[in-house]
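Subject: Structure for your study

Dear colleague,

Please find below the structure that I am handing over to you. My findings follow it.

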Amino acid sequence: MNYDVILIGAGPGGIFSAYELVQKAPDLKIAVFETGNTLEKRKCPIDGVKVKSCIGCKTCAIMNGFGGAGAFSDGKYNITNDFGGTLYQHIGRTKALELMKYVDSINCKYGGAETRMYSTAGSEFKKICLQNKLQLLDASVRHLGTDINYVVLENLFAYLKDKVDFYFNTPVRKLKKEEDGYRVFTDDADYQCRYCVASVGRSGSKWMETVCHDLNIPTKSNRVDIGVRVELPAVVFSDITDKLYESKIVYRTEKFEDNVRTFCMNPCGIVVNENTNGIVTVNGHSFEDPTKKTENTNFALLVSKHFSEPFKDSNGYGESIARLSNMLGGGVIVQRFGDLIRGRRSTVKRIDECTVHPTLAATPGDLSLVLPKRILDGIIEMINALDKIAPGTANDDTLLYGVEVKFYNMEVDLDENLETIHPGLYVIGDGSGVTHSLSHASASGVYVADHILERCGKLS
Ligand SMILES: Cc1cc2nc3c(=O)[nH]c(=O)nc-3n(C[C@H](O)[C@H](O)[C@H](O)COP(=O)(O)OP(=O)(O)OC[C@H]3O[C@@H](n4cnc5c(N)ncnc54)[C@H](O)[C@@H]3O)c2cc1C
């Protein structure tokens, strides 16, 4: 079977690439290969009753399938160059922002129009943060929420399904360069294309490494972010979350001069488990639907670590810390802030008596036995700094879940077109190591689609 363009992966990167190609050149023959299922068949078997922990499905319903890792996410589309990836380093700041806004307009068109766009522009919190040694990063954020995000994906799939050949439950095993394009191998057949776009996300990192190795595409190591998820009464952060929803705040620690930052803030949300290749870490999300809101807000506090010489495996370092927490807690550990600073573990009794009711059933324990001192000291300093702008953050009953780890793919060597050293082979989204977010991954998809259209003479 021959195609003009083959997209590998149906996450935000692949979806927005396909959408742009179909919109501007309906006559192109396009295929999307996806390891996971269609959206409606993506069901994680963990129900908390019969199945309580990960049973290692053939493909993970949370990470794989139409919508990619973002399908059940909080659907926060941050429009900024300050975080979420370094796409701007390849395509320029103005273009990156322009494309993120374009993606936002498509999300609105396909079901997100009623959701709110928040912005830090002109916010009085910037000054309050600076007066307390904290830096509030600039961003606009469209919060779709887990529910509307799902609706947008459903609508996008309905639009694309008859215009693109989707191959679900079809992992691409191998990619071969040919004289006039690329050959893609699956378990059952192989397919030829002129242009190939790999958009395999975090879950496809190992596969991407193999492809880069086989095709001699240079790569370099990336950072890993390690920390905890904080959960506290929503009212403590409501002044900030009501106006900004998601605030990215950075604190430079006094002791080690490390940067600690807030990440993925979920007002009135829930804390959830995340399973990456069998390692259980913690994450969070929230819903737009008022009936699904909780009385707690959660967010991550993360410290970045990047190893280069002689040890290069930043992800391996993060994995080892996560494994340690899994070994001690059988999964995610939860600890009261008061217990942490008193140097004692949390127990079932102390968590039961806690005034903050945990939204995730995690194992009460001691995070100081898991996290390196340098990281933990930074997190404690940051909680005390946040307490000055949101009094109550450093309360004894504030809950800390660990560990939260953000893994990043190794960075693939790409030019200003997000093209590899092999003409016509592009790598986009989180699989490239260039993006780490919904908006950047989606924007990279549109960008590459436009480049392909230009090459085919289809862009007027
Ligand atoms: C729980 C959770 C919450 C999140 N919340 C947010 C948020 O609110 N805001 C935000 O900006 N980001 C969030 N993120 C991150 C965001 O989801 C990712 O940055 C984004 O999905 C990256 O898009 P992508 O297309 O690059 O990759 P992915 O979404 O990972 O999609 C890649 C797809 O490729 C498929 N694939 C992999 N290998 C192959 C192969 N060999 N053959 C065929 N298919 C393959 C996978 O099955 C997957 O479906 C969240 C992530 C998680 C896990």
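Leaving aside its neighbours within four places in sequence, with which residues is Pro-12 in contact? They are Gly-68, Gly-70, Gly-429, Leu-438, Ala-441, Ser-442 and Gly-445, where contact means that two C-beta atoms, placed from the backbone, lie within 7 Å.

Before I continue, two notes on the source are needed. This is a predicted model, in which local features need pLDDT of at least 70 and side-chain atom pairs count only at pLDDT 80 or more, while totals for chains, interfaces and linings use all residues. Residues are numbered from 1 along each chain as its sequence is written.

The chain as a whole

The chain has 12 helices and 22 strands; these are DSSP runs, numbered from the N terminus, with helices being H or I of at least four residues and strands being E of at least two. Its C-alpha atoms fill a box of roughly 65 × 45 × 45 Å along the principal axes. For 460 residues, a compact globule would have a radius of gyration near 23 Å, and the 22 Å of the chain agrees with this. That radius is taken over C-alpha atoms, and the globule rule is 2.2 Å times the number of residues to the power 0.38.

Of the 460 residues, 50% count as buried. A residue is buried if 20 or more other C-beta atoms lie within 10 Å of its own, exposed if 12 or fewer do, and partly exposed in between, with C-beta atoms placed from the backbone. Among contacts with a separation of 6 or more, 76% are between residues 24 or more positions apart.

Pro-12 is found in helix 1. It is buried, because 34 other C-beta atoms lie within 10 Å. Pro-12 and Asp-430 are 418 residues apart in sequence, yet 9.7 Å apart in space, C-alpha to C-alpha.

The ligand is surrounded by 42 residues, the closest being Gly-9, Gly-11, Gly-68, Gly-201 and Gly-429. A residue is counted as near a molecule if its C-beta atom, placed from the backbone, lies within 6 Å of it. Helix 1 (12-24), strand 3 (76-79), strand 16 (279-285) and helix 12 (438-455) are the elements that give two or more residues to this shell. By class, the shell has 11 nonpolar, 25 polar and 6 charged residues. Here Ala, Val, Leu, Ile, Met, Phe, Trp, Tyr, Cys and Pro count as nonpolar, Asp, Glu, Lys and Arg as charged, and the others, Gly among them, as polar.

An open sheet of 8 strands has the order 5-13-14-17-12-20-18-19, with mixed pairing; two strands pair if DSSP finds at least two bridges between them. Strand 5 and strand 19 (363-364) are the edge strands, each pairing on one side only. Strand 5 is joined to strand 13 by 3 bridges, and the two run antiparallel; Gln-135 has Val-250 of strand 13 as its bridge partner. Strand 13 also pairs with strand 14 in the antiparallel sense, over 3 bridges, and there Tyr-251 stands opposite Val-260. In the hairpin of these two strands, Glu-257 takes a positive phi near 55°. Strand 12 and strand 17 pair in the antiparallel sense over 10 bridges.

In a regular strand the side chains alternate between the two faces of the sheet.

Helix 11 (residues 373-389) has 17 residues and should span 24 Å at 1.5 Å a residue; its end C-alpha atoms are 25 Å apart, which agrees. The expected span is 1.5 Å times one less than the number of residues. Among its buried residues are Ile-375, Ile-379, Met-382 and Leu-386. The cover over the buried residues of helix 11 includes strand 5 (134-136), strand 12 (224-233), strand 13 (249-252) and strand 14 (259-266).

Most residues other than glycine have a negative phi, and most peptide bonds are trans. Asn-216, although not a glycine, has a positive phi of about 55°; it is exposed, with 10 other C-beta atoms within 10 Å. Leu-418 likewise has a positive phi, of about 60°, but Leu-418 is buried, with 23 other C-beta atoms within 10 Å. The peptide bond from Gly-402 to Val-403 is cis, with omega near 5°, and Val-403 lies in strand 20 (residues 399-407).

Yours sincerely
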